[in-house]
Amino acid sequence: MQTVDHLITDTRIATMIAEKGYGLIDKGAIGISNGSISWVGNAADAPDAKEVSTFGGRLITPALIDCHTHIVFGGNRAREFELRLEGASYEEVSRAGGGIRSTVAATRGTSQQDLVTDALTRLDQLIGEGVGTIEIKSGYGLDLETELKMLRAARQLQSERAIRVKTSFLGAHAIPAEYQDRSDAYIGFVCDEVLPAVHDEGLADAVDGFCEGIAFSPSQMRQVFERARQLGLPIKLHAEQLSDLGGAVMAAGMGALSADHLEYLNDTDAAVLAERGTVAVLLPGAFYTLRETRKPPVEALRAAGAAVAIATDCNPGSSPLTSLLLAMNMACTLFRLTPEEALAGTTRNAAKALGLGDQLGSVEPGKQADLAVWDVEEPAELAYRIGFNPLHLRIVAGQ
């Protein structure tokens, strides 16, 4: 008979296995060996174990995954928040030299260690809500030195905390002041100098970009993505946040892991994402902060069978949000996702958005034993409550 290293029992399990909704096991148990899940099922059928833990009937889910963040940055943009409340639009603030450019200036002047120290305050908030994996983007350097510094800081966070960090190079985030009115030249600089240096140092797990009127066109982003593919790096894209430029379809056609934001995605293009297997990452924190009114086409994505993920988009300007649980609630309240879709969006589909679907995101044999134990009766409570953290404990790689 099978023997496992550690058996977790007396628990209710939301396995989040694809096509099974929550996949609830009411009186369940989980066997863990060598940091991975080796057995899942009814407690009455559990294998022998060297060590046993009981959890008093608490709910276990996969550890949460925040698949889109910008948590490494310098400074803050509280004054910009005031300006928007006084009537300035996101685009007006950006074109006046605020927005991303103001964070670029602050980040360039901040040391790597200070970036790490500041980011840890945000990261600890997310860890405290059951997050076991986080994606962190660069993009507030827009020069070679600072982009490398940001990515090194993001990698350092993984050594500071028990969490898996996936990094995305976001050099094509905005046009820096030194390249004003020379966006093509800046894209050339990103492709020819920055991206190869990032790759040579092994600092990026994926390449991202911002495809929008205030940033870069689909053709410019295609150049960046072609260079990324030459280097063997996956791609993803901020797309259709403020207008419909067709960036999401372009990225999906090139095999993008995800297309993110998508408020202006049209219904037809939702089907393209589903067909291509590109995850639609919705970011309700930015929608809320910017007081947007155009919602992502959730019904079209649902009808097409597209995988939908949810993330905080934690950043200093458009989404200063460090609660993935609140992002789940916002996705339900603002975008009308179901609580089951919100939990799938922060577990199974979030893992897929990071290219980790074969390793994380569900409670089943072969996956890493990244789990969250909650003081709740029903999985829907995770999206239902506002400002309440029911985490009992977090398990990462079986520890």
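The legends below describe close-up views of a predicted model. Local features need pLDDT of at least 70 and side-chain atom pairs pLDDT 80 or more, while totals for chains, interfaces and linings use all residues. Residues are numbered from 1 along each chain as its sequence is written, and side-chain values use heavy atoms, without hydrogens and water.

**View A. The aromatic pair F287 and F335.** The ring centres are 5.0 Å apart and the planes stand at 75°, so the pair is edge-to-face (Phe, Tyr and Trp rings, the six-membered one for Trp, pair with centres within 6.5 Å; planes under 30 degrees apart are stacked, over 60 edge-to-face, the rest tilted). F287 belongs to helix α10 (residues 284-289) and F335 to helix α12 (residues 324-335), 48 residues apart in the chain; helices are DSSP runs of H or I with at least four residues, numbered from the N terminus. Both F287 and F335 are buried (under 20% relative accessible area, 1.4 Å probe, protein chains only).

**View B. An aromatic cluster.** Y179, Y186, F189 and F216 make up one cluster. The whole structure holds six aromatic pairs.

**View C. Arginines over phenylalanine rings.** R122 lies over the face of F73, 3.8 Å from the ring centre. The charged end of R385 is over the ring of F388, at 4.4 Å from its centre. A charge sits over a ring if NZ of Lys or CZ of Arg is within 6 Å of the ring centre and within 35 degrees of the ring normal.

How values were computed: Helix = DSSP H or I, 4+ residues; strand = E, 2+ residues; numbered from the N terminus. Buried < 20%, exposed > 50% of the residue type's maximum accessible area, 1.4 Å probe, protein only.
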